[in-house]
Amino acid sequence: MKVTPLKLQGASILEPIVHGDNRGYFMESYNEQIMHGFGINNHFIQDNQSLSAEVGVLRGLHYQLNPKAQTKLIRVLSGVIYDVIVDIRRNSPTFGQWVGVILSEYNKRQLLVPKGFAHGFCTLVPNTQVLYKVDEYYSPENDRGILWNDPALAIDWPVSTPILSDKDQRHPLLKDAELNFDV
């Protein structure tokens with residue numbers, strides 16, 4: 001496994017070792033012992049999977065408040081996404097900054113999204129399946145979001161008119177969002 005830290009502290013790209021031959025490939029997508037060796041000590045307790053049938057489906061920007069905040073480990077089973085994280089830790093030197101990465105069935109990269117980050121993605125091909133591990137259960141009372149096209153964030157999404165859920169169309173701007181995260 002190769003772990004590459006991103007400019008937002010605590011976030012990383014993970015690249016598993018892929019063993020391929022004429023039959024296909026094998027890889028360990030998650031190994032707790034190897035993760036611990038890289039200082040990733042989260043105890044993931046649930047897997048979530050989504051299917052987005054169309055190109056341009058945008059899900060996000062989502063997070064859960066403390067004490068039910070989630071660390072996420074994101075990967076794509078089939079298809080391609082543009083995955084975005086935003087630092088929402090008020091006293092962080094990178095507060096309000098974002099990073100976008102391409103995750104796909106082809107590059108097999110994974111994105112580690114720590115607590116204190118909003119997360120969202122946009123599908124770049126049809127029938128994209130995303131799997132993510134979380135270290136805390138879903139908590140409706142702590143579920144929050146930030147508007148995907150907040151001008152203060154100026155995220156360079158690959159679509160201008162995405163397909164959004166009703167909920168994702170109504171999230172507040174970052175300046176109005178409820179946040180309770182520290183570095």
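**Note on the annotated site and its surroundings**

1. Tyr132 is found in strand β12, which spans residues 128-134, where strands (E, at least two residues) and helices (H or I, at least four) are DSSP runs numbered from the N terminus. The model is a predicted one, in which local features need pLDDT of at least 70 and side-chain atom pairs count only at pLDDT 80 or more, while totals for chains, interfaces and linings use all residues. Residues are numbered from 1 along each chain as its sequence is written, and side-chain values use heavy atoms, with hydrogens and water left out.

2. With a relative accessible area of 22%, Tyr132 is partly exposed, a class that lies between buried (under 20%) and exposed (over 50%), as computed with a 1.4 Å probe on protein chains only. Apart from neighbours within four places in sequence, Tyr132 is in contact (heavy atoms within 4.5 Å) with Gln46, Asp47, Asn48, Lys72, Leu73 and Ile74.

3. The UniProt annotation "active site", from an unreviewed entry, covers His62 and Tyr132; such annotations may be inferred rather than shown by experiment, and their positions are given in the numbering used here, with feature names shortened. These residues are spread over 71 residues of sequence, yet they cluster in space, with a largest C-alpha distance of 13.2 Å.

4. His62 lies in strand β6, residues 58-64, and, not counting residues up to four places away in sequence, the residues that His62 touches include Lys72, Phe117, His119, Arg144, Lys167, Asp168 and His171. The backbone nitrogen of Gly60 lies 3.4 Å from a polar atom of the side chain of His62.

5. Five strands form an open sheet in the order β9-β8-β11-β6-β13, with antiparallel pairing, where two strands pair if DSSP finds at least two bridges between them. The edge strands, each pairing on one side only, are β9 (98-104) and β13 (143-145). Strands β6 and β13 run antiparallel and are joined by three bridges, and the bridge partner of His62 in β13 is Gly145.

6. Leu174 is placed in the segment after α2 (166-169) and counts as buried at 7% relative accessibility. Leaving aside neighbours within four places in sequence, Leu174 is in contact with Ile88, Phe95, Gly96, Ile146, Asp150, Leu153 and Leu179. From C-alpha to C-alpha, Leu174 and Ser29 are 33 Å apart in space, and they are 145 residues apart in sequence.

Technical notes: A polar contact is a pair of N or O atoms within 3.5 Å; within protein, one must be able to donate a hydrogen and the other to accept it, and residues adjacent in sequence count only if both atoms are side-chain atoms.
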